[in-house]
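Subject: Structure handover and notes

Dear colleague,

I am passing on the structure that we discussed, and my notes on it follow below. Please read them with the model open beside you.

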Protein chains: 6
Amino acid sequence: MSRIDGRTPQQLRPVTIERGWSKHAEGSVLVSFGDTKVLCTASVTEGVPRWRKGSGEGWVTAEYAMLPRATNTRGDRESVKGRIGGRTHEISRLIGRSLRAVIDYQALGENTIVLDCDVLQADGGTRTAAITGSYVALADAVAWARTKKLIKPSRKPLTGTVAAVSVGIVDGTPLLDLRYEEDVRADTDMNVVCTGDGRFVEVQGTAEAEPFARDELDALLDLATAGCTELAELQRKALDAPLER
Amino acid sequence: MSRIDGRTPQQLRPVTIERGWSKHAEGSVLVSFGDTKVLCTASVTEGVPRWRKGSGEGWVTAEYAMLPRATNTRGDRESVKGRIGGRTHEISRLIGRSLRAVIDYQALGENTIVLDCDVLQADGGTRTAAITGSYVALADAVAWARTKKLIKPSRKPLTGTVAAVSVGIVDGTPLLDLRYEEDVRADTDMNVVCTGDGRFVEVQGTAEAEPFARDELDALLDLATAGCTELAELQRKALDAPLER
Amino acid sequence: MSRIDGRTPQQLRPVTIERGWSKHAEGSVLVSFGDTKVLCTASVTEGVPRWRKGSGEGWVTAEYAMLPRATNTRGDRESVKGRIGGRTHEISRLIGRSLRAVIDYQALGENTIVLDCDVLQADGGTRTAAITGSYVALADAVAWARTKKLIKPSRKPLTGTVAAVSVGIVDGTPLLDLRYEEDVRADTDMNVVCTGDGRFVEVQGTAEAEPFARDELDALLDLATAGCTELAELQRKALDAPLER
Amino acid sequence: MSRIDGRTPQQLRPVTIERGWSKHAEGSVLVSFGDTKVLCTASVTEGVPRWRKGSGEGWVTAEYAMLPRATNTRGDRESVKGRIGGRTHEISRLIGRSLRAVIDYQALGENTIVLDCDVLQADGGTRTAAITGSYVALADAVAWARTKKLIKPSRKPLTGTVAAVSVGIVDGTPLLDLRYEEDVRADTDMNVVCTGDGRFVEVQGTAEAEPFARDELDALLDLATAGCTELAELQRKALDAPLER
Amino acid sequence: MSRIDGRTPQQLRPVTIERGWSKHAEGSVLVSFGDTKVLCTASVTEGVPRWRKGSGEGWVTAEYAMLPRATNTRGDRESVKGRIGGRTHEISRLIGRSLRAVIDYQALGENTIVLDCDVLQADGGTRTAAITGSYVALADAVAWARTKKLIKPSRKPLTGTVAAVSVGIVDGTPLLDLRYEEDVRADTDMNVVCTGDGRFVEVQGTAEAEPFARDELDALLDLATAGCTELAELQRKALDAPLER
Amino acid sequence: MSRIDGRTPQQLRPVTIERGWSKHAEGSVLVSFGDTKVLCTASVTEGVPRWRKGSGEGWVTAEYAMLPRATNTRGDRESVKGRIGGRTHEISRLIGRSLRAVIDYQALGENTIVLDCDVLQADGGTRTAAITGSYVALADAVAWARTKKLIKPSRKPLTGTVAAVSVGIVDGTPLLDLRYEEDVRADTDMNVVCTGDGRFVEVQGTAEAEPFARDELDALLDLATAGCTELAELQRKALDAPLER
């Protein structure tokens, strides 16, 4: 089968991870998976939410949003509507949980890191790009906080790395990293979040048209695991480069 | 391992499905999974949302909510807060998608069925109980609509059955149908929605503490599939009984 | 005149008061006035709202709501609409005031009790059923708080009992405890809240069609007073039975 | 007993009804009951809300609000808070019902009249002043609509007059038309709305401290009926004067 | 050119400034510019918003709103809509900034003064009338606070006076103090806020139809400066009169 | 005087206008004034808001927002807060008015163009950058609509060009195009919007500390007019280049 952009079923789109995009944020990444572009900023503040005060533990959370014209048709702003939609809530929570899976709260100390993931342009896979980019922004923010002595030099708040990718079955073929045109045609759509050592943080599979069988699920998990391994390598390379602030 | 209520790891809690609970709704079920009790009502109205008018196709959607004191500690009402939380949004969307997976929109015709799932008492697994009970309420509502000729007698809007169950890994052991006390101690928590023929509609697994390996995921899927098969049988039995309105 | 369900004008519908309905709440009652069913839970928390701190006095408040399909036609959820309607506000305030009429704040000490009244099924008289059931839930919650030493054993926060009933004039005849079909046809509609010793806590009469004369008002008050006396007796009996938690 | 402003228990405060206060509204009245001042405007528009279209019947509704500094302490604006409080809802609904009690919807035809009652200065009895003033504004608006042929000259939409007054028991004495200082000290507080022919439209009595007995209720109703008769006479006099627009 | 009300282009409408309008507020003014009537109340409270605590400095802010029928057509209440519109926000901010321009925060001490400007009737220039009237209410509130020793007698929180007027170009002629009918026909519309010594606090000019040239801008500024000087004189006279509270 | 970045008082920051930034929008520009970066997208839809239907005239509007970490300290999202702040409202309205000043609604026909201006990074002058960039996005969107025959080839909806710049007095010296550090120190702050032929669309000057005199105002207007002329030239150059979509 030939994909619309000529990729093989097992192939990621071109992925770029541009660190230090923002002059203000403690960590910031403009991540792109093909035409999907997400700006991820990590903001560090001393202190934690009220329910966590005095625990000696930190907190990491995330907010996801789309610019109104990130998509083909303009969507109304959630600020104008006065309420956040279910999809936005769902994705923000997914990103937060994914990043917290590699955080040692004790090592972080009573500091809070907020990840803002704003989709500047969407072409499928915005939540997985957001997780993959946010991890890098988070790593830069943690490094900054250690420099500033907010985190003790002896502590390592990051217990691993985390990346995410979408997979789906289109016309009977399992495909990695769906573009929007593939996504809308998929029978099954799955988002998989893995740690760098190949274990699962989140598996979210949805039958869009037909329910899926166990062997299809297995094939998708294989594809996603391989994709996440590749993304973990790209994250590592990006973080190995020096960061000019 | 002995579970707090003496069940084996593969055992469901006592499940009851009480049809015709409400005198007003076209379909209504009080479902209980142990101490978790959810009132599921199905409301049929002629016509569809604006974006679907003239398509000849129907629509099915769901709203989930908890009574303030369904839980051990009282929660603020979302109506009083003036906004719906992320968790509520997420679960409402999951229930709606799950039910739509077994609906033939053409056969339903331009009718809308809204499932309201209100948790009267919570003890873990409220979303899976809601899906399992809602399917039965939906089936009753569809039958009602055929009687009333809103749906043509020759059409069958339901293409299958759907049920859901939670699974998780507690102290290294995969367990079926977690109670609240088990849920809070689980390392991994997964909700699985299956059709009656054993295929998957939704698979949502989350690492609460440690990321999980592929073999753990496999064990959980096995457990959930068996649980859903058992629930499908209970749904069938409930629907076989005559319904007095 | 013969009423639709065969009652005499002076007759209540069958009333049931099921205590201990919820495993979580400190007091809980499923009350039914015929087909009207309201779940009333009483939640006790130590401490009082900010404006009352340090006064040595407690607080009792109430929230009323209807499940979307409690009525014949589905109503939109107030949480989804993002705002609470006038009717809901009005009834919540009425229930709160009615219960506070029999509370000695000093004896309650700096504790707060919230009554949640959720209408599971509506057939007229939901607010009066809610008040009547809430009183019993409140009594159980107060007893619980004394057991837990939140309230000193020597103090009696309840200064009396309170119950409520609706009355109205239908086709020229004053009727007690209106069902929905009677309520919509009533010229005058009145809700009366009485203490167990026959005094008034609230009297709310509204001319739905024709303004009403003083003698009609007097007849309605007579009817309501007798109804409340009967309800007070039912409350007493319910509370006399042992409560298994 | 001597009242703080020297009135007898049966005496109203000085009442003024200033018609034609606003150059824009079809009817407008600045009503004062002593230091309580309420601006009541009646706005006429052709057409009715959607749920009433094609019925041939009109609609009358009301909105009540207080300026932030109408009271002794500044209150937050409900527009700033983003939600309307329970008290505001309750009073708006009361005013609307009271005015609709004297409206013949068929005679009004498919026109809508909105009464806006804005309290410029509060000293007790704002809702009763609002009802009393609104009736006059409504009468002027109806007259305007007849002049403009929105209402047929042969039809009389007003079937009577309506006025309202507060009564209460202070230190054991029933008093008419309470000022704020009296209101806060009252054991029982009642608002009564009467038609000009002495029948009741609304009776709302609340025990603020002690429950009240039937004879107390009777005494309050006597007092209120007499007060409303006096107010009806003042309304008549105000409407007899020519209105310069 | 002859203006609709016979004024010359350089002439203000009749301006009245009625102090002590409200019995509750620390300062209150009913200001009218022709048929535009705005009630301005100044509320003094000890203490400042959280972000200013401990600074030794006070705060002055303002809220502007229109009654629903202040205008020719009834507008929906912002409290009912649940949100404040852009125009309201913009004007509230303008009034607040204008008054703060003549406040010495140190001299005010940690006190807050809130100006509420409620438009009772609108005929153009409501924001400029609100600023002009608010200054007088603010001066009375400051005087009250000095009497009550909230402000030390040796400190003078007011560093000057402030007034505002609208100007615009209608049919090619620059006009002072536009009525509504003039405002809607204006090509350019400008609001100018000046201190009593003739300097500018705010200049807000907007091309409604055609962009405007520098010489037109200059002519409007001349007109506005003269108008503000006249208003400052009227403010001075109003404040020179004794205030009976 | 030497500015922090070495500019002369009359010098703009480096300005870049990157057209065709988004693959989805009909017009899109990433504009930067030094470190201030704003993404401006223009979305064209057939049809107009309800109040304009059947008029034959089009509509242009704008929405402005900041990403949470566009600034030095993270700001809460307005979507999360559930309401749009006054500053956001004010700027959105300013941008919309500025662009409408150069639109011929008849020539545009019944089409709507929405400009979304999202600040990705802020360093002073975000609203003026947004106006300057939006004009270019609007021009591209108009060109697109003519290609698609939504606008007749014979009609020219753009009657001119529009650009904006900030000016202010810092330490007594009038400066063009303030950076954030200059802005916070400015005594007077002015935003000026000009058409390409040197006339004014908006003049908004605010005394931040001291009121300003007429000669200071004149100096600022001179500076701004020259700055806008320079920006108009940069807009012209950007639009002269071919656009690859």
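Angles under 35 degrees count as roughly parallel, over 145 as roughly antiparallel, 65 to 115 as roughly perpendicular and the rest as oblique. Axes are lines fitted to C-alpha atoms, for helices over the stretch in contact, and angles run from 0 to 180 degrees between N-to-C directions. Helices (H or I, at least four residues) and strands (E, at least two) are DSSP runs, numbered from the N terminus.

This is a predicted model, in which local features need pLDDT of at least 70 and side-chain atom pairs count only at pLDDT 80 or more, while totals for chains, interfaces and linings use all residues. Residues are numbered from 1 along each chain as its sequence is written, chains are lettered from A and ligands numbered from 1 in the order in which they are written, and side-chain values use heavy atoms, with hydrogens and water left out.

In chain B, helix α4 (residues 126–147) packs against helix α6 (residues 214–240) at an angle of about 30 degrees, with the axes 10 Å apart; α4(B) and α6(B) are therefore roughly parallel to each other. The contact (heavy atoms within 4.5 Å) is made by B:T132, B:Y135, B:V136, B:A139 and B:D140 on the α4(B) side and by B:L231, B:Q235 and B:L239 on the α6(B) side.

In chain E, strand β3 (residues 36–46) is mostly covered, with eight of its 11 residues buried, where buried means under 20% relative accessible area, exposed over 50% and partly exposed in between (1.4 Å probe, protein chains only). Two strands pair if DSSP finds at least two bridges between them. Seven bridges join β3(E) to strand β2 (residues 27–33) of chain E in the antiparallel sense, and E:V31 has E:V38 as its bridge partner. The hairpin of these two strands has two residues between them, and E:G34 takes a positive phi near 60 degrees there. β3(E) also runs antiparallel to strand β5 (residues 111–121) of chain E, to which 10 bridges join it, and E:S43 is partnered by E:V114.

Strand β9 (residues 200–207) of chain F has eight of its eight residues buried. Five bridges join β9(F) to strand β9 (residues 200–207) of chain E, and the two run antiparallel, with E:Q204 opposite F:Q204. Within chain F, strand β8 (residues 188–195) pairs with β9(F) over seven antiparallel bridges, and F:C194 stands opposite F:F200.

Finally, no contact joins chain B and chain E, whose closest C-alpha atoms lie 10 Å apart.

With best wishes
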